[in-house]
Amino acid sequence: MTDPESGGVTLIGVAAERPYDVVVGRGVLARVADVLGAPRRVAVLHPAALIDVAVRVSASLEHAGHEVVRIDVPDAEAAKTVEVAARCWAVLGNAGFTRSDAVVGVGGGSTTDLAGFVAATWLRGVALVTVPTSLLAMVDAAVGGKTGINTAEGKNLVGVFHEPVGVVCDLDLLATLPPVDLRAGLGEVVKCGFIADPRILELVEQEPEAALDPASPVLRELVERSVRVKARVVSADLREATSEGRQVGRELLNYGHTLGHAVERRERFRWRHGEAVSVGMVFVAELARAAGVLDDAVADRHRAVLGSLGLPTTYAPDALEDLVATMGLDKKTRGSTLRFVVLNDLASAEILSAPSDELLRTAFAALTRV
Ligand SMILES: NC(=O)c1ccc[n+]([C@@H]2O[C@H](COP(=O)([O-])OP(=O)(O)OC[C@H]3O[C@@H](n4cnc5c(N)ncnc54)[C@H](O)[C@@H]3O)[C@@H](O)[C@H]2O)c1
Ligand SMILES: O=C(O)C(=O)C[C@@H](O)[C@H](O)[C@H](O)COP(=O)(O)O
Ligand SMILES: [Zn+2]
């Protein structure tokens, strides 16, 4: 819903045990204090690169009477480790954080995933507000309550569901986001287009350069549409518990992630998440085509849309065995049965279980062809 009284701020509701809003607008950082309400201790987690934003958020919290502790965490995936979480727990313990206190994550998806994990685990759960600063975190990571850290065995293997009490997306922050990270965020935006909102695909196809411009109204529309997709899917299946047979619940949001997460691990997290998901979506499109469930037009559209944004659409030909081993630990896998979210049409998905080696090889061969 857009609130005309609030200067073009859009509020998108998420139905959780305690429903919350995603605030989307420009110059909206002060809303963090509104979300937190009565004064308390607040830990603001942020990477050094975003200290200016963290200081602004902290100042507005202090102005509202909160007692703020800032915690500088490593940048990007280096934040998502048990060692970093333990360092944050130590700060909270030493500062006397109780169950009435709160954690605020200011940063990209890596920071909000870590902040969520720390908030979920400290005293078995304190309030969390996410302040996503990257496109990817605004449209995906900061919304929906999935928190997590990585282990040597793979991506997000340790984590809990812990919904934020609010999400504040200040679009002005995208002005400083490096273009490579903006592009990676569009990987998740395009995912939302394929799984639920084809208008997103049309907007990107019509003006890919506007999608890559942080000041453009097109990008704002893409953000709002993507957040709506995420909010709708999450609200219907908060704990990713309702995929049954071929029915797809929250696992829908994992489109492209089965192979994508394996690529991230294989690349030692030097690839951006959104880049790996881009390759992962092309792979599942090829898998669905090879399995005879997806027509050529929709399958080909994956490569075309992602390629028009400069996202990767091919991968190393010799990697399949290694990737299959890593996918064995994907959260959708049951026993030794690999399960993939595939499309049978635009905005229509099903689960493809236990694909044969031949099917996997066929899809992978198509992915490695330039
Ligand atoms: N929990 C979820 O539901 C969910 C969903 C999608 C992705 N994720 C996770 O999110 C992570 C990826 O998030 P990401 O792409 O935001 O990566 P990121 O957090 O690593 O941020 C990318 C880079 O952008 C910088 N940055 C962020 N905002 C900036 C700004 N406004 N100005 C300048 N620099 C800025 C960061 O410092 C970092 O160097 C992955 O770990 C992924 O697994 C989680
Ligand atoms: O919110 C979800 O559910 C998602 O799957 C969104 C994904 O974009 C995100 O990368 C998520 O962190 C992946 O989750 P995982 O359960 O596969 O670790
Ligand atoms: Zn993702």
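Predicted model: local features only at pLDDT ≥ 70, side-chain atom pairs only at ≥ 80, totals over all residues.
Me: Hi! At 1.5 Å a residue, what should the 17 residues of α6 span, and what do its end C-alpha atoms show?
Reply: They should span 24 Å, and the end C-alpha atoms of α6 are 25 Å apart, which agrees. The expected span is 1.5 Å times one less than the number of residues. Helices here are DSSP runs of H or I with at least four residues, strands are runs of E with at least two, and both are numbered from the N terminus.

Me: OK, new topic. What domains does the chain have?
Reply: Domain 1 covers 2-177 and domain 2 covers 184-368, with bounds from an automatic or database assignment. Their C-alpha centres lie 26 Å apart. Domain 1 puts 29 residues into the contact and domain 2 puts in 26; contact means C-beta atoms, placed from the backbone, within 7 Å.

Me: Which elements of domain 1 give two or more residues to that side?
Reply: β2 (9-14), β3 (20-25), α5 (135-141) and β9 (154-158) do. α5 gives the most, with five residues.

Me: And where does ligand 1 sit relative to the domains?
Reply: Both domains give residues to its shell, so ligand 1 lies between them. Of the 31 residues around ligand 1, Ala76, Gly108, Gly109, Ser110 and Ser134 come nearest. A residue is counted as near if its C-beta atom, placed from the backbone, lies within 6 Å. α4 (109-121), α5, α6 (179-195) and α11 (273-290) each supply at least two residues of this shell.

Me: What about ligand 2, which residues surround it?
Reply: Among them are Asp140, Lys146, Glu188, Arg250, His257 and Lys331. Ligand 2 also lies between the domains, because both give residues to its shell.

Me: Last one! What does UniProt place at residues 71-182?
Reply: The unreviewed entry has "domain: 3-dehydroquinate synthase N-terminal" there. In the model, that span is 33% helix and 25% strand, and its end C-alpha atoms lie 25 Å apart. UniProt positions follow the numbering used here, feature names are shortened, and annotations may be inferred rather than shown by experiment.

Technical notes
Residues numbered from 1 in each chain as written. Chains lettered and ligands numbered in written order. Contact = placed C-beta atoms within 7 Å.
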